[in-house]
Amino acid sequence: MSSKAVKAQSSSPIALVKPGQRFVFDGASGSSDALAIARYFAAHREAVPLLTVVCASAVDAQRLTAELPYFAPDARVRLLPDWETLPYDTFSPHQDLVSERLATLHDLGEGRCDILIVPATTALYRMPPASFLAAYTFSFTQGERLDEAKLKAQLTLAGYEHVSQVVRPGEYCVRGSLIDLYPMGSPLPYRIDLFDDQVDSIRAFDPDTQRSLYPVRDVRLLPGREFPFDEAARTAFRSRWREVFEGDPSRSQIYKDIGNGVPSAGIEYYLPLFFDETATLFHYLPEGSQLAFVGDLDAAIKRFTHDTKQRYDFLSHDRERPLLEPRRLFLTDDDFFTFAKPFAQLKFPATPEGGWAVPLPGLAIDRHADEPLLALRHYLDQTENRVMLVAESAGRRETIQQLLADNGLRGELRDTFQEWLTADAKFTLGIAPLANGFALPAEKLAIITETELYGPLARRAGRRRQEQASNVDSMVRDLAELKVGDPVVHAQHGIGRYMGLVSMDLGEGETEFLHLEYQNESKLYVPVAQLHVISRYSGADPESAPLHQLGSGQWEKAKRKAAQQIRDTAAELLNLYARRAAREGFAFKLEPRDYTKFAESFGFEETPDQAAAIAAVITDMTSGKPMDRLVCGDVGFGKTEVALRAAFIAVMGGKQVAILSPTTLLAEQHTQTFTDRFSDWPVRIAELSRFRTGKEVSTSVQQINEGSVDIVIGTHKLLSSDVKFKRLGLVIIDEEHRFGVRQKEALKALRAEVDVLTLTATPIPRTLGMALEGLRDFSVIATAPQKRLAIKTFVRREDEGVIREAMLRELKRGGQVYFLHNEVETIENRRTMLEALVPEARIAVAHGQMHERELERVMRDFVGQRANVLLCTTIIETGIDVPSANTIIMHRADKFGLAQLHQLRGRVGRSHHQAYAYLLVHDPQALTKQAQRRLEAIQQMEELGSGFYLAMHDLEIRGTGEVLGDKQSGEIHEIGFQLYTDMLNDAVRALKDGREPDLNAPLAATTEINLHAPAILPADYCGDVQERLSLYKRLANCESSDAIDGILEELVDRFGKLPPQAHALVETHRLRLAAKPLGISKIDAAEVSISLQFVPNPPVDAMRIIEMVQKHKHIKLAGQDKLRIESRSPDLAVRIATVKETLRALGGPVRQPAVAGR
């Protein structure tokens, strides 16, 4: 393309705007605003020292920060992030955010920023003056003299914290001649080595592993906070406090904290008291700067001002925490626009109409069509534009390139925007972090992003991590946490211990093996390409796992014994399944208009999992078969909403609904929730529980039997013989595992005819769920509602300091605390101790031996925030919901089981505040091994939705016992949980197909593949052993080529282009997937010939094999179950292609007829 044309293409669509003038640019659609801003900046770079982009939404700010560097690679783009706290919040912003803000402000002052991006609300905050940053920033270089005492003084002055190990910005640590420092605004911490008083070396290091990474020349140290915190600054703060606020300052905790040198949580909202004069964003902008406004700024600022004023009016009555007026902390809309007036202003409205850039037509991929990419092909054929399709990473691009190639489309690869502009190709594939595509008609260019192909849920990197959150099965199988010495199960050889990864060369290049040790120290080496025969052993305490002797037959015996028992279990399951399938249920009609109206009264957006569960329930209820669905979901993830929708459908269909809950308190909370949601509908709700008088109960029972009550909520009283529902249609059971055996029997009788919905937060493992698919339908809610933060969990030695700090941290932000003390006899002594320790607390006591009415009163006090500490026993384990309680302290946490710890911890963290759980033990060193393991597990499972992954040890075993009866636990101990469920799945599948499960070969064929070339991830490609092991195992677990693609993308993204050995590894697994359904047990692709070994009676069409042998001279039958292909090829790619071609020629698997007489 001529340089003239390129120049035309890179010119700015907007002429230079003069100071004080405004220009509205109405032509930017999709992500083209980033291109317009980039071109404007490039064209007027000399005249504009800094372009400040103010975005109405924080999402746009993040988007532009990612997109601008793509269009303007040489511009220095900086984001000034928001604190992400609400005005007047009582907790401080995250240290990483403060660090990024200080770095950006410092770069602004030093002129190291070309385009600054700021969310509108952030631009309204008053800031520290630039002089503060200049005074508290210092730097030093290698070879310079450094006085250690002086450096320490400077660090303390700048607000850095002295710690024993540096892990986050704003910390330092001195060990002899080594100083570890994590400067604010720096991506990594540094290790400074002093020789006498000279800086000998400075190296960056990794805060996780604490290992040095690479040398650096110099270090700059920004202040540790956005305000000074030395003695002088604190004295000044207190004197300004006394000027501003009336009354006795010593009544305020903040005033006292500052005096003691403690920055209280939320101190940022007293920023003006640290300075004589605060600055605004505009004070940081150099002369000649210009402003660009993206989106509806007026509305965003007005909304913020309104919200702030509301919060101020609401919170300003607290004498102990007086607030500064909004105008001292924030700019009003008038202030903002007055400050902005002298600058040149570019405006990009929220809904553009002009024609410089236009939206693309619909190009979505239709997966169900014969030609999924028809819309895209059509567009490429018809448009005059040169088109670039951008993926978000190199790995994604490879997958998309493959998809296009499969559909006969090919594009050139171009990495940068500039390369594309200068090339001539009609269709190109690029890599760019763009959110939406657009076309530029005048320049005949179009950019398509993944959003257009895959819809708005295109695979964004952040989203991808969440999508995987709900796959629990891989969690059990994933070997990432495997430590040397842990037991694993080998499908053919039994239980051994993992001793590490070793490399060996067996004459065909280096290959990696898993080294396993069996009884009598015999060794077994398993090639990494065959990890699908290995699973973690979980079924008992890893220390006492029963190791097997290689070649002794004891493993075969254990497997056979388990297989017989599994066959019986499978038959039992299928029998139940058949009985259910034969029964008729009631098919409810769904009235869409009413249902939508009811659904809209739910105040939140449904999470994807929640929406799926609701849809499944609706399908079940309208189908005419009795529903029996189990909804598993972590505490507080919205299972109740699923129950509400189901109840609504049942009541509107003229049936009664019974809701069973394990405790009276929970029943009351459900009654409250249901009454609120059904308040606009003609529905009668009754509650049967100990909170009701005898008279109320008998009246309710009479009305239930007459059929005049629609929804009944109660404890097991509902199961008593005098309750006879007139038209029962739906039973909802909350936490079924809390009911006794007799009640469960009564429930089983109910199940026969009516729809049953069970809610539980103690997950029964998903793998078993699969085996039970026919028996119970399963829905899993594992996505957390928006805005919920993971619960920070600490295991601490029990002492007064820890308890006081934990309680104050919560009470200081206006929250409530649960203190769990599970011994009724000593609970009053604990109350006295807490009252003395934390006089600020209003303590209420609750335990199971209290009189019912008394207990109810206490709970109501706590829910109504009249008490802010609830000292209680495990009575709180089920479901009471108090969003403002966000700290739980557990005394003797080592006494609880894992499921219980998880349930109890789930009482907190039910709003968007950070929640804390403190597990207190007498002496962390003296715990039993199992208690230690449980506490470690619960600490690692801070992630939301982890209720599920806790299933791993404790619940695996418990859940299995619960679903299948306890006799199974023994077999599981013998062969391990994973293998047990695999065998159960196989047996159920065989019986369903009318075949007797083969007890001699309890597992279906596993295919062994030998390509006679190294198939590994080389150590110089992926260095970390644990990481390699995890990737090997994940590849071995892939059940579809999509899953293999996903891992391939990840490899390319994380480690770069695949080396040949890694490529061979991926191909090995592709062949494994293709060969398994055809009953091929081994593929051996040597240079001289290729052989395929089949299992006896493989599911292949025999005629096809005969045809192949007749047609092709080089294909021969070698023995009864072996196919041999004579083809000399030293080239691996050719051998792989030959095997794939052969597998294709064999066609799809054929069902073998069942043997007569079975």
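**Figure 1. Helix H8 in the predicted model, spanning residues 231–244.** The 14 residues of H8 extend 20 Å from the first C-alpha to the last, close to the 20 Å expected at 1.5 Å a residue. Ala 233, Arg 234, Phe 237, Arg 240 and Trp 241 are the buried residues of this helix. They lie on the same side of H8 because they cover an arc of only 125° around its axis. Glu 231, Ala 232 and Glu 243, on the other side of H8, are exposed. Helix H9 (253–259) is included in what covers the buried residues of H8.

**Figure 2. The largest nonpolar core, with 78 residues.** Within this core, the residues that touch the most other members are Leu 116, Phe 140, Leu 221, Tyr 270 and Phe 336. Helix H4 (residues 95–110) contributes the largest share, five residues. A second, separate core has 56 residues, including Ala 491, Val 528, Ile 1080 and Phe 1094.

**Figure 3. Contacts of Phe 336.** Leaving aside residues up to four places away in sequence, Phe 336 touches Val 54, Ala 123, Leu 124, Phe 282, Phe 293, Leu 297, Ile 301 and Leu 331.

**Figure 4. An open sheet of five strands with antiparallel pairing.** The strand order is S23-S22-S21-S20-S24. Strand S23 (523–527) and strand S24 (534–536) form the edges, each pairing on one side only. From one strand to the next, the twist averages 45°.

**Figure 5. The antiparallel pair of strands S21 and S22.** Strand S21 (residues 494–505) is joined to strand S22 (residues 510–517) by seven bridges. Arg 497 has Glu 517 in S22 as its bridge partner.

Methods. Residues numbered from 1 in each chain as written. Predicted model: local features only at pLDDT ≥ 70, side-chain atom pairs only at ≥ 80, totals over all residues. Heavy atoms only, no water. Core = buried A, V, L, I, M, F, W, Y, C linked by side-chain atoms within 4.5 Å. Buried < 20%, exposed > 50% of the residue type's maximum accessible area, 1.4 Å probe, protein only. Helix = DSSP H or I, 4+ residues; strand = E, 2+ residues; numbered from the N terminus. Contact = heavy atoms within 4.5 Å. Pairing = 2+ DSSP bridges. Axes fitted to C-alpha atoms, helices over the stretch in contact; angles between N-to-C directions. Expected span 1.5 Å × (residues − 1). Arc of directions from axis to C-beta.
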